[in-house]
Amino acid sequence: MLELLDINTFYGNIQALKGVSLEIAEGEIVTLIGANGAGKTTTLMSICGAVPPRSGEIKFEGRAISDMRPNEIVALGISQVPEGRRIFPYLSVAENLDMGAFLRDDREGVKKDVEYIYGLFPILAERRHQAGGTLSGGEQQMLAISRALMARPRMLLLDEPSLGLAPLVVKRIFEIIRKINAENKTTIFLVEQNANLALKVAHRGYVMENGRIIMSDRADQLLTNEDVRKAYLGI
Amino acid sequence: MMTLQEIKKSLFTSLWFMFLTFPIMVIKVNTIEKTIEWRWERMAAVGLGAFVLSFVWRYLIQRKEAGKKRAEVGSEDKVPLIPRLMSDRRFYMPGLMATIVMVVAFPFVFSLYQTNVMITALIYVVVGLGLNIVVGLAGLLDLGYVAFYAVGAYSYALLNVHYGVTFWMALPIGAALAFLFGILLGFPVLRLRGDYLAIVTLGFGEIIRLVLENWNEFSFGPSGIANIPKPGLFGLDLSLQQSTTFIYFLMIGLALMTIFVVRRLQDSRIGRAWIALREDEVACQAMGIDKTRTKLSAFALGATWAGMGGVVFAAKTTFINPTSFTIWESIIILCVVVLGGMGSILGVIVGALILILLPEYLRAFSEFRMLIFGVILVMMMVFRPGGIISDVRRTYKFEGLGNKAENRGE
């Protein structure tokens, strides 16, 4: 479904991605793990068009998207949950969700999806009139994921959904990620520092270091891999 | 409470004020006789005044904090007084009728001078609503907004001088030119935000003014353009009184149209895009909103209203020169928006009326006029930081299929 072919991405003169290639098939949960500054977020930014790669190619369903603008990429069906949640702080929960459906015209469908979201996260239904900024960290993350889902994406990009959340909340978020994948067949690309949890949820994983992919395998294989365990799982 | 600590605090405040005002209030140099007059009794007055006022100040702050706490404790959110009155039919209809009668009767009841002041205020309503799109809705701080006002005014004046273009032709042309200039300014600032954006727009405003001031062949320089015709009405010959009344009603019409259009824009898709842009630029992009187009449209549409306001301004004063378009004008328009309440249409209207009418009617206080004006501005921002009528946004009614729609105030 999504294919990265040897992409090189730069911030000014600094090369953040050095020939990254990866592939995600439809219906999969794929995770990208690695240490701070490995280039995980940059990979996501390259995909969604915020920091386009200087060379290499990104293909979504066979179409080259490396030159497209961010809003065109969203319109293709790639939705992103940005790092640090980035919900709209002064808009209510309901309005945040509504913003997620910005590109959609089917009022009825949007209404139904809001119901679905409220079923998925009952706490959001309770707080629908509350301003987004007054929610707790975990609730904000739920809202950020929900908002991305409101676009009815075929592919969901998640950037560090566990960032700054309590372990119990993180667990709940990951359960939901798995549920979204199973129920809607939404392909998920998950960027995480919490390698242990990410690998438990994902089907496949890529390991990144210094802007390069150094390893890729099935998630359960990576979990038992000696090097990965030592470097990222702390066991 | 008059505790010892409170008194001590006030004492320090009054000492500080006595020290601060010492050079201007106490010393008076007579340059002719070369003597210095010491007016100590004034210092005593300042000290006493500051002492008393500091108590009032603290009392008001306390009341405000208490109010905030009460609002936090109360579970149901309180809709502020004015929107609540607006949504109540019993008050709304008579209120609306009274306003209409007042608006229609105004030029016939009051003097020519009063009507002229009102026209100025109405121009600021229109221009303020335009800036409200840029600052209040899209959250882009624009300090050079007066440039578009100048574009409108000069496009009418110059087209009239060179080609004899009439007011009615110039109105759409001025609006269109301002629109173009809005896009022109929009492009270089697409990547900027916050302080940087403010500085660049400030520069843009000054550039326009300096060009007008120095390019004599084009704009007649500082001497300006005189004898700009007032708007005509089917070729009728109007007396000064009549034409002023006519411009008044023209401005009322323009203001109503502006209110209508801005309201529609606010609820439209592009209005939502502006709000998303204001709230969080990164997230806005992640929603699939075209950031470039959203920013440009905010600048261009905001500028359009300034252009129209400028055309009317030129027609009303019949004389323009670059001194009408200084940074001070930009600041006043920005004050109209911020003081009135960012994003709120009614707020901007009230803000414009207060900011333009107040200095006029404070003329009785002559030299203290600007001082009182300044004090009112400071007080407003301390006690009502959201503006006179803060924006109570509509909540979208996505209550879901199963639940009954809760009744929420708009």
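View 1. Helix α5 (residues 112–137) of chain B packs against α13(B) at an angle of about 165 degrees, with the axes 7 Å apart. Axes are lines fitted to C-alpha atoms, for helices over the stretch in contact, and angles run from 0 to 180 degrees between N-to-C directions. Helices (H or I, at least four residues) and strands (E, at least two) are DSSP runs, numbered from the N terminus. The crossing of the pair is left-handed, a term for a near helix turned anticlockwise from the far one by less than a right angle, right-handed being clockwise. Residues of α5(B) in the contact (C-beta atoms, placed from the backbone, within 7 Å) include B:Ile119, B:Ile123 and B:Val126; among those of α13(B) are B:Phe299, B:Trp305 and B:Lys316. By class, this contact has 16 nonpolar, 4 polar and 1 charged residues. Ala, Val, Leu, Ile, Met, Phe, Trp, Tyr, Cys and Pro count as nonpolar, Asp, Glu, Lys and Arg as charged, and the others, Gly among them, as polar.

**View 2. Helix α6 (residues 146–163) of chain B crosses helix α13 (residues 291–317) of chain B at roughly 45 degrees, their axes coming within 6 Å.** The angle makes α6(B) oblique to α13(B), the class left after under 35 degrees (roughly parallel), over 145 (roughly antiparallel) and 65 to 115 (roughly perpendicular). This crossing is right-handed. Among the residues in contact are B:Phe148, B:Tyr149 and B:Tyr156 of α6(B), together with B:Met308, B:Val311 and B:Phe313 of α13(B). The contact residues comprise 14 nonpolar, 4 polar and no charged.

**View 3. The contact between the chains takes 17 residues from chain B and 27 residues from chain A.** On the side of chain B that touches chain A, α11 (269–279) and α12 (281–286) each supply at least two residues. Helix α12(B) gives the most, with 4 residues. That side of chain B divides into 9 nonpolar, 4 polar and 4 charged residues.

**View 4. Chain B is divided into domain 1 (4–73) and domain 2 (110–383), with bounds from an automatic or database domain assignment.** The C-alpha centres of these domains lie 38 Å apart. The secondary structure of chain B comprises 16 helices and 2 strands.

**Conventions.** Residues are numbered from 1 along each chain as its sequence is written, while chains are lettered from A and ligands numbered from 1 in the order in which they are written. In this predicted model, local features need pLDDT of at least 70 and side-chain atom pairs count only at pLDDT 80 or more, whereas totals for chains, interfaces and linings use all residues.

Conventions
Two residues are in contact if their C-beta atoms, placed from the backbone, lie within 7 Å.
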